[in-house]
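Open the model in your viewer and follow the stops below in order. Each stop says what to select and what is there.

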Amino acid sequence: MAVAQPPLTAPPQVLGRFWRRSPMSLKIGGLILLVHLIVAATGPFWAPYGQAQMGAGLPLSPASFAHPFGIDQLSRDVFSRVVHGGHIVIFLAVSGTLLGLVIGAVVGLLSGYVRGWVDEVLMRFVEAIISIPFIVLGLLAISAAGPQLAGEPVLVIFVVALIYAPRVARMARSAALEIVTKDFITIARLRGESAWSVMRRELLPNATSVLLVEFAVRAGYAPVLVGSLGFLGFGMRPPTPEWGLMISENRALLIASPATVLGPGLMLASLIVGLNLFTEGLARILGRTVQIASR
Amino acid sequence: MAVLRLVIGRIFVSVLTLLLVSFIIFSMVEILPGDVASRILGRDATPESLATLRERLHLNDPAPERYVRWLGNIVQGDLGNALTSSRPINEILGPRIFNTLMLSLFAFAIYIPLSLIPAAVQALNRDKTIDHVLSIVSLILVSMPEFLLATLLLILFVAMIPLFPAMSLVDDSTPFWEYLRALALPGMTLGIVMAVYAVRMLRDNLIEVLDADFIRMAELKGLSRRRVLLRHALPNAMVPTLNVTALNLAYLVGGVVIVEKVFAFPGFGSLLVDALQLRDAPLIEATVLITATVYISANMIADVGAIVLNPRLRSS
């Protein structure tokens with residue numbers, strides 16, 4: 001029997017209702033993220049100077065109206081560099097997290113479904129990789145990749161994925177273990193569906209909310225990873241305006257012009273606060289609890 | 001007996017994981033570009049000298065054989081020699097590990113009051129302004145990368161109020177007082193990072209305990225708020241906190257890598273980064289393996305502690 005559907009509401013009204021019902025953290029986090037996304041997307045078009053343009057003014061000038069974050073050693077406008085860096089940081093963080101999530105989800109869900117020795121071996125490897133603190137694992141992987149790849153965005157993305165994939169896999173596996181007890185999995189198996197097809201059509205849709213929250217939590221920490229690698233000199237290379245690298249470069253100017261460090265620091269911190277608030281709100285809507293900054 | 005079996009099982013799994021980690025580390029260092037011999041000899045290398053050195057370092061042996069030999073030496077306590085300084089790694093490690101231990105102790109000394117006090121204040125003033133304010137502060141701090149927090153502390157305590165040195169360079173001849181001052185900023189950074197991680201959980205635990213019947217009972221008996229908090233609530237909220245603290249210990253092995261580097265503190269963490277920068281294969285293998293060992297042990301302690309202290313976990 002067909003149940004009477006409620007009339008479809010116009011999108012603006014749906015959005016309005018969603019906005020009113022959503023938790024405070026989601027609203028504030030969402031607004032911060034929106035500002036960051038707008039700056040990242042449009043910044044390169046309105047930034048007063050180019051991302052590595054020299055001759056912006058007297059080197060080491062402190063913050064002023066014309067140069068809100070001061071001027072660095074190479075007489076580059078730090079504000080412009082910070083604005084140009086937005087899309088780099090967000091792109092590296094999001095694509096690294098996404099790649100890690102996809103690999104981790106496939107491995108974890110399959111492992112939890114097929115069980116047996118495959119599961120045993122995979123999970124031992126996952127546990128072993130997790131036992132190397134992620135910053136150490138990241139540095140090790142970057143050294144192993146060699147000088148040809150050093151400073152390439154692809155390498156940073158792969159390293160973030162390498163760090164996240166095993167952690168996501170462990171999470172996805174425990175989600176799969178819960179789902180496989182359901183009747184519809186037994187039915188799919190009796191239909192003769194392959195493990196891959198069961199994973200794609202039955203497990204994945206039922207693990208969406210787990211994976212969504214996992215993505216949000218990991219994406220919230222990814223800028224820290226990218227920034228830490230850059231700060232230690234293992235991430236992006238100069239003159240890329242990546243914020244962690246900029247903080248490291250301008251640290252020598254701390255006393256002469258603290259704004260050159262505070263500027264990129266403020267952007268990095270606000271991006272992560274925004275992501276974390278958003279995640280907390282999202283998790284509350286989906287009825288899950290999260291440990292922010294899960295390391 | 002059941003507990004003992006669980007604990008032994010957990011230890012066995014940890015050893016197995018560590019073995020696998022050693023294999024992963026060895027393979028990753030193996031694929032480091034350029035072989036060890038050409039890295040030692042550098043530009044002076046002639047084909048003949050390279051061949052002799054390769055022979056002497058057994059580089060022509062198959063990788064599995066070298067892995068087994070390397071692992072065998074480590075089990076006997078011999079970590080080999082560093083490439084860059086050709087000194088025994090055991091000798092290099094001593095003072096570095098001592099410095100990092102001192103730093104960790106300092107960080108823990110800051111961590112304990114910094115996590116207990118805000119959590120207690122928040123739990124006692126649940127949903128009041130102070131609770132919300134502290135929640136926001138801890139959320140902001142939890143979002144702060146270590147290197148950024150370290151840099152902010154540098155601005156505050158070096159540039160604005162010159163209290164501590166910007167570089168924590170210490171050696172054997174550093175007087176005790178100077179040594180403590182050198183520990184201040186890296187110690188504070190690590191202490192704050194660990195505390196904000198614990199505060200959120202400790203607050204929720206305390207609130208849960210404060211709602212429990214035995215606390216009602218204690219209050220109805222007419223005990224003072226202070227006594228209820230210190231003698232009844234805190235000890236019961238400690239169990240999950242011990243777990244968090246063990247996890248923080250595991251965090252510390254990774255955390256020191258960044259923080260020591262920021263302050264140029266000559267500890268174990270900066271040794272690891274230096275080894276990676278210089279592509280010193282034996283030193284990389286040794287430091288990463290030690291890091292993983294501490295990490296695995298700390299996690300094991302957290303799990304075993306949870307099993308022993310919480311009978312509900314024993315059945316699973």
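**Stop one: chain A**

Select chain A: read along its sequence, the pattern is α-α-α-α-α-α-α-α-α-α-α. That is 11 helices and zero strands, where helices (H or I, at least four residues) and strands (E, at least two) are DSSP runs numbered from the N terminus. This is a predicted model, in which local features need pLDDT of at least 70, side-chain atom pairs count only at pLDDT 80 or more, and totals for chains, interfaces and linings use all residues. Residues are numbered from 1 along each chain as its sequence is written, chains are lettered from A in the order in which they are written, and side-chain values use heavy atoms, leaving out hydrogens and water.

Zoom out: the C-alpha atoms of chain A fill a box of roughly 75 × 55 × 30 Å along the principal axes. Of its 295 residues, 54% count as buried (under 20% relative accessible area, 1.4 Å probe, protein chains only).

**Stop two: where chain B meets chain A**

Now show both chains. Here 51 residues of chain B are in contact with 45 residues of chain A, contact being heavy atoms within 4.5 Å.

Next, select B:Arg200 and A:Glu280. They form a salt bridge, with the closest N and O atoms 2.9 Å apart; the rule asks for a side-chain nitrogen of Lys or Arg within 4 Å of a carboxyl oxygen of Asp or Glu. One salt bridge is found across this interface.

Several elements of chain B touch chain A, among them helix 1 (2-30) and helix 8 (176-210). Helix 1 of chain B gives the most to that side, with 10 residues.

Conventions: Buried < 20%, exposed > 50% of the residue type's maximum accessible area, 1.4 Å probe, protein only.
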